[in-house]
Amino acid sequence: MSILLPGSQEPYVLREPTPWGKPSAPIRSRVAFAAAHVVADPSGNNAPGEPAVVDWDSTLAFRRHLWSYGLGVAEAMDTAQRGMGLDWATTQQLIRRSSAEAVAAGGRIAAGAGTDHLTADVSDVDSILRGYSEQLEVVQEAGAQVIVMASRQLARVASGPADYRRVYDKLLPQAERPVVLHWLGSMFDPALTGYWGSTDLSVATEAFLDLVHEHASRVDGVKVSLLDAEHEKALRARLPEGVRLYTGDDFNYPELIKGDGEAASDALLGIFAAIAPAASAALRALDAGDLSAYDEAFEPTVPLARHVFGAPTYYYKTGIAFLAWLSGLQPGFSMVGGLQSARSLPHLVETFRLADAAGLLPDPPLAEHRMNLLLDVHGVAR
């Protein structure tokens with residue numbers, strides 16, 4: 001298959017897809033979650049500022065796709081457009097439906113509890129704590145593991161580390177089983193600048209570690225999304241015994257998951273939603289102790305991940321949905337909140353190229369057809 005892409009005089013020839021295969025047994029060497037997106041209903045009014053209208057069949061089918069590759073699903077996270085189109089009423093449905101689907105599929109699921117249902121003008125930490133508690137209860141009632149997401153409201157209201165401790169010290173004992181604490185960097189959400197009480201990363205890290213050590217028995221792991229491999233390694237070395245570091249570094253995940261011989265990160269990554277077959281193959285190679293096969297599976301995915309998560313990083317979700325569409329995993333390229341318009345055509349063209357180079361377009365004729373449709377819609381002369 002070939003396609004004439006903008007800026008090229010010669011047709012681009014698509015490669016044959018990689019026959020990745022699926023696991024016949026659970027992945028053992030690491031715990032790995034893919035943060036899944038939601039599929040918009042193309043007939044719904046998914047305009048900016050409007051309530052989300054979800055294609056539930058396609059959304060749940062995408063989760064079954066992830067489970068089939070041996071990955072857990074991290075539900076209702078920023079990849080699913082929390083705070084960027086996915087409202088709380090729809091989020092509750094998402095958590096409940098996906099948790100029920102996980103039981104049926106025998107898949108692992110964790111889901112985000114935050115404060116995004118509160119009004120933007122909330123002004124006291126007690127109200128923020130109550131908001132967290134409401135969402136935590138929804139996740140627990142659904143049967144999913146709790147991921148305590150970072151709160152925009154807390155970042156705005158808190159005057160320092162003590163206010164974060166006031167909230168988390170009271171929230172964590174409400175969890176019925178160990179949670180994942182999420183530290184999301186400002187590149188993913190500028191409203192979270194200064195989380196844990198300081199814009200000084202070293203000061204914020206000390207406050208975070210103090211919290212984790214105080215509540216180690218209630219913390220399964222910490223999910224760190226700062227795109228800073230050296231900081232992650234240093235933080236990982238200082239965690240209490242038994243507390244995992246779930247890397248959220250979509251730039252440096254192969255190195256961090258492989259580890260340094262003494263310590264390694266587990267994974268909770270948005271890019272795994274787009275590269276599930278390759279991620280599964282890499283982790284199965286790690287199970288077998290085959291580091292060459294691990295590198296071979298992951299290495300071609302890194303340029304794709306760094307492009308999809310390129311600045312402005314918080315629009316990476318558009319690339320995830322685009323790749324799902326190219327791969328035949330959803331019927332259309334539309335997103336809640338109209339976010340399909342958040343990346344330019346040149347950006348999407350490069351996403352197409354890099355996914356093909358990584359062997360991640362399972363049906364090249366379909367991908368070529370859909371890419372041509374996108375070019376036609378944009379009025380590209382060929």
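Trainee: Which residues touch the most other members of the largest nonpolar core?
Mentor: Y168, L181, Y195, F272 and F352 do, in a core of 127 residues. Keep in mind that this is a predicted model.

Trainee: What does F272 touch?
Mentor: Leaving out residues up to four places away in sequence, F272 touches A32, F33, A34, L66, L71, Y253, I257, A267, A279, L283 and F298.

Trainee: Which residues does the second core include?
Mentor: F33, A35, M77 and L268 are among them. That core is separate and has 11 residues.

Trainee: Switching to charges. Where is D163 found?
Mentor: In helix α5, residues 161-171.

Trainee: Is D163 buried or exposed?
Mentor: Buried, and without a salt bridge. The nearest side chain of opposite charge is R166, 4.6 Å away.

Trainee: What is D163 in contact with?
Mentor: V125, L154, V157 and A158, setting aside neighbours within four places in sequence.

Trainee: Now α14. How many residues does it have?
Mentor: It has 14, residues 364-377. From first C-alpha to last, α14 reaches 20 Å, close to the 20 Å expected at 1.5 Å a residue.

Trainee: Which residues of α14 are buried?
Mentor: P364, A367, E368, R370, M371, N372, L374 and L375.

Trainee: And what covers them?
Mentor: The cover includes β1 (2-3), α12 (316-326) and α13 (345-357).

Trainee: What follows α14?
Mentor: G379, with a positive phi near 75°.

Definitions and conventions:
Residues are numbered from 1 along each chain as its sequence is written. This is a predicted model: local features need pLDDT of at least 70, side-chain atom pairs count only at pLDDT 80 or more; totals for chains, interfaces and linings use all residues. Side-chain values use heavy atoms; hydrogens and water are left out. Helices (H or I, at least four residues) and strands (E, at least two) are DSSP runs, numbered from the N terminus. The expected span of a helix is 1.5 Å times one less than its number of residues. Buried means under 20% relative accessible area, exposed over 50%, partly exposed in between (1.4 Å probe, protein chains only). Contact means heavy atoms within 4.5 Å. Lys and Arg count as positive and Asp and Glu as negative; His and the chain ends are not counted. A salt bridge is a side-chain nitrogen of Lys or Arg within 4 Å of a carboxyl oxygen of Asp or Glu. A nonpolar core is a set of buried Ala, Val, Leu, Ile, Met, Phe, Trp, Tyr and Cys residues joined through side-chain atoms within 4.5 Å.
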